[in-house]
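Good morning, and thank you for making time for this presentation. I shall show the sequence and the structure first, and then go through selected features.

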Amino acid sequence: TYALELTNLKKVYGTGVKALRGIDLTVEEGDFYALLGPNGAGKSTTIGIITSLVNKTSGKVKVFDYDLDTDLVRAKQQIGLVPQEFNFNPFETVQQIVVNQAGYYGVPRKEALKRSETYLKQSGLWEKRHERARMLSGGMKRRLMIARALMHEPRLLILDEPTAGVDIELRREMWVYLRELNEQGTTIILTTHYLEEAEMLCRNIGIIQSGELIENTSMKALLAKL
Ligand code: ADP
Ligand code: ADP
């Protein structure tokens, strides 16, 4: 069983742009995987398709063996997404945001409250649980996005450019947190255009360029080649 299996994945947007030209990719359970590539390479499109926010043109997507075409609900249950932009309601409290998210995934309220303590403590936000999200610092907002994505206890956490526009100190703080999550057993896939970030964190790496996967290897093997 792979955490993720993409087979000949293609995307042509309505505008005619060929964003993905046949991506074949597997990510092992427990892996920390980076999808690296320049702007416009197709990273967000790939993430969008895996999380069923974007329709694929053709090809196959399996998440822990659940096929997106035939087992969409179960496939979605396996995935926690941390989008690039803050997309929570800034007027809700930290705890409301994470508890409501669990609700969308069918977690009973009592259990959601219990989990909110676990994940808010783990991300250092428990003391802020009654604050409105808009009052948080940038770094705390990022951690809130991660805590929210963990509330339905996904086996695969996907982060789209988690540290874009983040200063170096905060970036390091996030790296430590992500590494801890991976060590606890969560498979992580992140997109980035910083090789340094992939190097710091990831065991395996795929390099995408103009909609094609031009490299898919271990971080070690890639660094040996450079
Ligand atoms: P789909 O074929 O998946 O429905 P579309 O090509 O119809 O996608 O585009 C979806 C939306 O994204 C449209 O509103 C379009 O204007 C917008 N869009 C077009 N080009 C881009 C781009 N390069 N980046 C982001 N959004 C875009
Ligand atoms: P990345 O995340 O690596 O920057 P994207 O997946 O956003 O790359 O974009 C891949 C290609 O698809 C680019 O040429 C981009 O302009 C185009 N694209 C992305 N979103 C849309 C959209 N909604 N409609 C049309 N074209 C899009």
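This is a predicted model: local features need pLDDT of at least 70, side-chain atom pairs count only at pLDDT 80 or more; totals for chains, interfaces and linings use all residues.

Residues are numbered from 1 along each chain as its sequence is written, chains are lettered from A and ligands numbered from 1 in the order in which they are written, and side-chain values use heavy atoms, with hydrogens and water left out.

Now to the helix. The 13 residues of α5 should span 18 Å, and the end C-alpha atoms of α5 are 19 Å apart, which agrees. The expected span is 1.5 Å times one less than the number of residues. Helices here are DSSP runs of H or I with at least four residues, strands are runs of E with at least two, and both are numbered from the N terminus.

Helix α5 is mostly covered, with 12 of its 13 residues buried. Buried stands for under 20% relative accessible area, exposed for over 50%, and partly exposed for the range in between, with a 1.4 Å probe and protein chains only. Among the buried residues of α5 are Met140, Arg142, Arg143, Leu144 and Ile146. Against which elements do the buried residues of α5 pack? They pack against β6 (79-82), α3 (94-104), α4 (109-122), β7 (156-160) and α6 (168-183).

Met174 is placed in helix α6, and Met174 is buried, with a relative accessible area of 3%. Leaving aside neighbours within four places in sequence, Met174 is in contact (heavy atoms within 4.5 Å) with Arg142, Ile146, Pro162 and Thr163. The C-alpha atoms of Met174 and Arg143 are separated by 7.8 Å, although these residues are 31 apart along the chain.

I turn next to the ligands. Which residues surround ligand 1? They are Lys11, Tyr13, Gly14 and Thr15, where a residue belongs to the surroundings if one of its heavy atoms lies within 4 Å. By class, this shell has one nonpolar, two polar and one charged residues. In that scheme, Ala, Val, Leu, Ile, Met, Phe, Trp, Tyr, Cys and Pro count as nonpolar, Asp, Glu, Lys and Arg as charged, and the others, Gly among them, as polar.

Polar contacts are pairs of N or O atoms within 3.5 Å; within protein, one atom must be able to donate a hydrogen and the other to accept it, and residues adjacent in sequence count only if both atoms are side-chain atoms. A polar side-chain atom of Lys11 lies 2.8 Å from an oxygen atom of ligand 1, and a polar backbone atom of Gly14 is also 2.8 Å from a ligand 1 oxygen. For a backbone N or O atom of Thr15, the distance to an oxygen atom of ligand 1 is 3.4 Å. The protein covers 24% of the 560 Å² of accessible area that ligand 1 has on its own, by the Shrake-Rupley method with a 1.4 Å probe; for residues, only the protein chains shown count as cover.

The shell around ligand 2 includes Tyr13, Pro38, Gly40, Lys43, Ser44 and Thr45. It divides into five nonpolar, six polar and one charged residues. Helix α1 gives the most to this shell, with three residues. Oxygen atoms of ligand 2 lie 2.7 Å from a polar backbone atom of Gly40 and 2.7 Å from a polar backbone atom of Ser44. A side-chain N or O atom of Thr45 is 2.5 Å from an oxygen atom of ligand 2. Of the 560 Å² of accessible area that ligand 2 has on its own, the protein covers 63%.

Is helix α1 enclosed or open? Seven of the eight residues of α1 (residues 43-50) are buried, so this helix is largely enclosed by the rest of the structure.

Finally, some backbone angles. Most residues other than glycine have a negative phi. Asn8, in strand β1 (residues 2-12), has a positive phi of about 45°, and Asn8 is partly exposed at 38% relative accessibility. Asp65, in the loop between β4 (58-63) and β5 (66-67), has a positive phi of about 75°.
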